[in-house]
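Here is a short note for a colleague who is opening this structure for the first time. Please read it with the model on screen.

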Amino acid sequence: MSKKSLDHFGQLQRAVIEVVWELGEATVRQVWKRLCRRKELAYTTVLTAMQRLEKAGWLKHRVDGRKHVYLPTRTREQAGAGSVRKFVKRMFNGNALVLFRQLVEEGQLSDAELQELQRLINKKRKERER
């Protein structure tokens, strides 16, 4: 099943998946308690959000006694990569070089960030040489 991008979900669903990623796995109660620190929410609202994320393929659950323990089906990095690919395709006609050029020329990158970019470029070159 093709998973809907996180970009298509509302703020609550994105907050829920962030909590599950942070904890590694979580019950509805654990997610609800975390989210209620910022904004009061009904337990059933969080439950519904988690069920929708499961139906969309972003979460799965296992039963532990009377509790459902939810686990992410994708990592934060996998989700981010998908969003970035879609963004580059939509905004830059799929040309990542245009995006990078924009970030480097218009951004205010520190020396450490530029060094990290150079390290990543060198790593990618070595991988291609293999």
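**Side-chain contacts**

1. Start with Glu116: its relative accessibility is 36%, so Glu116 counts as partly exposed (buried is under 20% relative accessible area, exposed is over 50%, and partly exposed is in between, with a 1.4 Å probe and protein chains only). Glu116 makes a salt bridge with Arg119, and their closest N and O atoms are 2.7 Å apart. A salt bridge here is a side-chain nitrogen of Lys or Arg within 4 Å of a carboxyl oxygen of Asp or Glu. Arg119 is also partly exposed, at 42%.

2. A word on the basis. This is a predicted model, where local features need pLDDT of at least 70 and side-chain atom pairs count only at pLDDT 80 or more, while totals for chains, interfaces and linings use all residues. Residues are numbered from 1 along each chain as its sequence is written, and side-chain values use heavy atoms, with hydrogens and water left out.

3. Where do Glu116 and Arg119 lie? Both are in helix α6 (residues 111-129), three residues apart, about one turn of the helix. Helices are DSSP runs (H or I, at least four residues), numbered from the N terminus. Helix α6 also holds Lys124 and Glu127, again three residues apart and separated by about one helical turn. Lys124 and Glu127 form a salt bridge, with the closest N and O atoms 3.7 Å apart. Glu127 is partly exposed, at 36%.

4. The count of salt bridges is five. One of them joins the side chains of Glu18 and Arg76, at 2.6 Å from N to O. Glu18 lies in helix α1 (residues 11-23) and Arg76 in helix α4 (residues 76-92), so this pair ties together parts 58 residues apart in sequence. Glu18 is partly exposed at 36%. Arg76 is partly exposed at 37%.

5. How many aromatic pairs does a search of the whole structure find? It finds two. Rings of Phe, Tyr and Trp (its six-membered ring) pair if their centres lie within 6.5 Å; planes under 30 degrees apart count as stacked, over 60 as edge-to-face and the rest as tilted. Trp32 and Tyr43 have ring centres 6.0 Å apart and planes at 75°, so they are edge-to-face. Trp32 is in helix α2 (residues 28-36) and Tyr43 in helix α3 (residues 43-55), eleven residues apart. Trp32 is partly exposed at 23%, and Tyr43 is partly exposed at 33%.

6. Phe87 and Phe92 also pair: their ring centres are 5.8 Å apart and their planes at 70°, so this pair is edge-to-face. Phe87 is partly exposed, at 32% relative accessibility.

Terms used: Helix = DSSP H or I, 4+ residues; strand = E, 2+ residues; numbered from the N terminus.
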